[in-house]
Structure formats: structure tokens, C-alpha cells
Amino acid sequence: MNVSFGKNILGIILLAVLLRLLIMPFYFHPDIKTYNFQASFLQSGVFNIYSYLAEEKARLPLKEEFVYFPLTYYFLGGYQVIASPLLGSGFHSWLYNAGVSVTDQIGTFRYLFLLKLPYLFLDILVGFIITLFFIERKQKKLALKLWLFNPFSIILIYVYSNVDIMPVTLTVLSLLFAKNNKLVLSALCIGLGGAFKAYPLLFLPILFLYANNIKEKLTVLTVACGSLLLILAPFLTTESFKQSTLVSGLTTRMLLPVINIGFNEAILISIIPVMVLLSYVFLKQSINTKNLEIYFFAVLMILYSFIHFHIQWLLWVVPFVVIIVVKGSEGIFSEENKRFNILIFLSLSLALSIPLLYNDSSMTFSLLRPISLWFSLLFTPFNIVSRIYDPYVLQSILHTLFASFNIVLIWHLLRKQEL
Amino acid sequence: MKKGATLFVLAVTIVIFLPALLSFAIKLIPGRVQPSLNSTEKIYGKYVAVEPFLATRDNLSAIGTSIKNPNLKNIDDVVISVYDQVGNLLRESIVNGRNIPDGDFIKFKFDPIKDSKNRMFNVILYSRSVDAASPVEIFYTDQYPISKKVVDNQIICLDESSKQVLILDIANKDSCNKLNVVNNNGFTMSYVDFYANTGVFGVASDIYGQMIGRLLADFTFFVIYSFLVLILVIWSSYIYLPKLFSQED
């Protein structure tokens, strides 16, 4: 029985790795070159990448700011040091090549494969972590299959070269530790995850409310914020760090949608539903070990619903979706849960389709440039739709549908846990 | 079990054949990657751009180039004319300045020239605007050596009646209004030549050929990568094939 189960798991892993190997070398999103170009300066002894890029901008071929938090830089830079014998001598000229034909350069397939290898490792690791949420072997196997074979995480990690798999691993670990009442470790994972990218901090209020008493709550806050500040401290006085990270991406997009109420004051639309959720949790004291993942899921889906999100951000919620779906696969709500699963699949599919309609060729067919540059000539979905309809209106319709589905999904989950 | 196997095979098939599927949507095949944009020349009135080039495929169907149209001031026609080496006009394509956003890459499309492969052509680009205050500007690249655009025994002229630009023998220089060729002994225009995709599977086979060629060029990686894929295929077949045939779940 043990051997059979082990063999089953091995088979799942092998097929999952095979599928990923067929994708890894052949899809290119410009971000992978940009942040690896920036991370390559670690080998030259650059400690503060933010000030370095600001000072050297004029002479560098790629002029973008480093928009992630420091641990991303050290992780990617450190990996390049380890992998440098495999990457070879042409890697740095590939990184420095700002031309359109960079994907034609010999070695591109090797570089893309090797640069995505850490993601493969973390991807499999997340799969194993998710299985730890379950006791029954049937559920463990289902969870592993759902994580490893869902198209969303495969596309987001290996096609869009999503570096977010690093903080995703830590947020899933944080949830696992929290459900096992190891709040210090849970908070530490949030802090460390936040040192890669800001979004894990979204779960801090939930963890705070989940903690039983004042002492635990203060411990959670101290450990999470303390670990994060410890890592960010050397950079907090750097103006370019503040510019690149604190006032870009998620933070600004959360503050963009507003309702003007006059006298230079506005209501922040995306914050309202998040605060409604947290207030509900506080009022009903409804958060517990069994439903913690629902709140992690809900916070992210609320955010996606009310802000203009980047496609890579969708990876953050996928592990929690897998956990919720597998939990709902048994029990008295099975039939209703099947409809729930259909709705959640539709919701995620809509979420994936919205960014494909952006006016950005690197989001669609240009991803296949390593295979042939000719794919960059294909019209984007934005161009195609604009011949018959306003693509921005279509994006808005899809986003509205997506938001509507999410409200129902969250309501269903919250209602179910009260029954 | 069989449903899972079917889904997996479907996923792998999509991954492998997606480039072929998308290749059917490629109507125009570029002859090259657009070279760098290093300098510009103003095109208006008597000032025209000439560029000789060698076509690399049959069915030459478009010439694309980046054009500056500052503040969209130029609202006159911009014309590309394609001539053979003896000065016969083969094709002409017109784009109005209103449809030229500043700095955009513009494709001048025309009916395919079927037997274009390995033939030399002269491309002349000119504007029907005479206003020096609102010219369009054509990008030039320093990626190629400096070269002469117009050979010594030919001149570029404007035919007043048809308003067409002609390439004439120098013996006829008195019979026409001579035009000034910008960058005549200078840099190459930053253009891309396009060829119509007429075959059903030709583009797909070209694409896979390019991919395999570049894989083989990095031979060490190709060997290791192929070995990894093979090991995974064999190992997973060893685990799953007996189950499939025994109809186990």
C-alpha cells in the first residue's frame, strides 16, 4: 500500500516535471531578463541594487528600476552565482542585449531553462506543502494533482516567468504553520515573504485576528514586522528604494480606484471590502484553524476584483484555491461544491483573460519569441478586438463579471462555515 | 486514470503543436529583424529616400519602416515605390500622414511580387508634402556599412504629369525634375522586407526548423535537455503504461 502510494506520487511528479520541461526553455517574458540583469550585479559586489541602478542608469542598456524587495535580488543573484558554470560565458552578453532579437541569440533556450529551474524546485515544494494540509491519502493525491496540473500556475510560473513563486511558497508555509498553531513561525514566514514582495503583508491582519490573545497578537505583529524591517533597514534611507518599491505596483494600484466625496477627500474603493471582511471576522470571531485559508483566499480575490491587477499576481491565490477545492471534495456539500468548483474555474479563467486584452504584445504571442521572432508580428488580442469593439470596455465587462463571481464565491464560503 | 492520461496527452500535444497552430496566422514573413534606429532624414518635396536591397524570398509583399511624424503635422501621402534594377516601376503603396503616428513602424503593403527571390530592387520613399515645416522623417541605421543608394548611371526624377518618382538613365537627366536623394552615400534605411505566406505548412516547418537549428547550435544543452526529457518519458511510461492497460484507477 505504502509502495503503491509512493509510486503514485512519484508518477505524478515525473509527469508534472516533464510537462514543465517542455515549456521552460521556449517561452520568454521580458521580465525574466530584466530582473536577472539587475540581479547579476550581486556578483560584482553590489549590495544596494536600488541606488546602484539609479546612479548608473545612463550607462546601462536596461533602464528599469528594481521593483521587488531585497530578498528577491539576493535570491536571484545568489542563484546566478551557483549556476554560473552552467550558464556559460555568453550569459552576460545575453543579459546586456537590449535588442529585439535577443531571443535569437544562441544559448537562449539554455538560459531560460536554467533561470526557471529554481521556480521548478519551489513549485514542486509548494505541491508537497499543500499535501501537508490533509490527512487522507486520497486528498493528498488530489491536492498534489490539482496544484501540479492546473493550467493557471503552469502558465503563470513558466510562461510568464513569475518570480512570485518565492513569496507564494512562504505564504503557503505561513498558512500551514498558523493552522498548526505555530504563530511565531507563521508570522516569520509573512515577514520573510514580505521581504521578497509586499503582498504577504495583506495576510498580517488576518493572522492578527486569528491569534487568541493580546500576547499572541503582539507576538505576530512583532515577529512579522520585525523580520521585515530587519531586512529592509539598510535600504529605507535610499530614495530610489522608496521610489521603486513602496510607491509602485500593488501599493499604488490599491489607492487608485476612488469615489470622490469632495473637499479633496476620497473613499478608497478596494479597501472598503477588505475592511468589511476584517470587521466581520472581528465581530463574529469567526476565524479558526478550519477556515483560515478561506480568509487568505478572500483577501486576495477582493483585491483582484477592485484593482487593475498584473497577471503574475494571480499566482498568489492558486495554492489557497487548491486547498479549498480539495477540502470541499468530500462531505455533505459535495454537489454544491462541484458547482463551486466550476464557478471558481470560470473566475480564474476570466482573471487570466483580462490581462491578455491589455495593449502589450509581450503578454501574448510574443511570449513564443524564443521559438521564432515571427510570432511577435502577430496581432495582439487588443488589436484584434479593437477592430470590432472597444477593448477597454470588454476588459471592464470581464473584470466586472470576475468581481461578481468572486463576491458570490466568498459569500458562499463564509456562509458554509457558519452552517 | 484514462481521463487523466487523456488530459495529460492533450496538454503535451497543445504545448508541442501550439507554434504550428499560430503559424497559420502569420500572413507576412519578415526578411530580417529591424535594424537599430540611429539617425533620421527629413523627407518632403524634392528630398526622397532611396534604398536598394536584395529580396531573400519569393512574394515580396511589403516594406516596413519606422517613421517620425512629429505632432502628426504631416497629413499628406507618403509613398513607397518598388522598382527593378533597370527602373521599371513594379509596385506602389501609399499611406496617408494622418495614419502615421509619430515614431511608429509602418508597413507599406502591395500585391506580392511572385518571383522576387534573389532579385535586387530599389525602394524609393517620398512624401507628397512640399512643406519643409512638416516633413516625415525616416530612420537610418549604422548597423551596415555606408553605401551608395543610386548608381552612377541613374538619376531619380519627378514626373510632373503623373507625380510619380522615376528612376531614369542619366542620359535623360534634362527631361525631368531631378530629386535629391537623402543619405545617398551614407547609412542604410532601417527597414524590414516582408513576404507573403502562401504555403499552408511552409511557415510552420520554417519555424520548427529555426527552433531546432538554434537548439542544435547549443549542442551541450541539447544533449542534456533531450536526455532529461527522455528519462522522464521512459520512467513515467514504466509507472503508468501497465496501469493504463490493466484499467486500474
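**Close-up views of chains A and B**

**View 1. The contact between chain B and chain A in a predicted model.** Chain B brings 37 residues to the contact, and chain A brings 35 residues. About 3,500 Å² is buried between the two chains, 79% of it on carbon and sulfur atoms.

**View 2. Salt bridges and polar contacts across the interface of chain B and chain A.** The rule finds two salt bridges here. B:Asp218 and A:Arg110 join their side chains in a salt bridge, at 2.7 Å from N to O. On the side of chain B that touches chain A, α1 (2-23), β1 (28-30), α2 (202-217) and α3 (219-246) each give two or more residues. α3(B) gives the most, with 12 residues. The residues of this side comprise 28 nonpolar, four polar and five charged.

**View 3. The largest nonpolar core.** This core has 174 residues. A:Phe297 and A:Tyr304 have the most contacts inside it. Helix α6 (residues 108-131) of chain A gives the most to this core, with 13 residues. Beyond its neighbours within four places in sequence, A:Phe297 is in contact with residues including A:Val317, A:Phe320, A:Ile344 and A:Leu413. Another core, of 26 residues, lies apart from the largest one; among its residues are B:Leu60, B:Ile67, B:Ile100 and B:Tyr195.

**View 4. A:Pro167 in helix α9 (residues 165-179) of chain A.** A:Pro167 is buried because its relative accessible area is 2%, under the 20% cut-off. Leaving aside neighbours within four places in sequence, its contacts are A:Gly193, A:Phe196, A:Lys197, A:Tyr199 and A:Pro200. A:Ala198 is 31 residues from A:Pro167 in sequence and 9.0 Å away in space, C-alpha to C-alpha.

Technical notes. Residues numbered from 1 in each chain as written. Chains lettered and ligands numbered in written order. Predicted model: local features only at pLDDT ≥ 70, side-chain atom pairs only at ≥ 80, totals over all residues. Heavy atoms only, no water. Helix = DSSP H or I, 4+ residues; strand = E, 2+ residues; numbered from the N terminus. Buried < 20%, exposed > 50% of the residue type's maximum accessible area, 1.4 Å probe, protein only. Contact = heavy atoms within 4.5 Å. Core = buried A, V, L, I, M, F, W, Y, C linked by side-chain atoms within 4.5 Å. Buried area = accessible area lost by both parts, 1.4 Å probe. Salt bridge = Lys/Arg side-chain N within 4 Å of Asp/Glu carboxyl O. Polar contact = N/O pair within 3.5 Å; in protein donor to acceptor, adjacent residues only side chain to side chain. Nonpolar A, V, L, I, M, F, W, Y, C, P; charged D, E, K, R; others polar.
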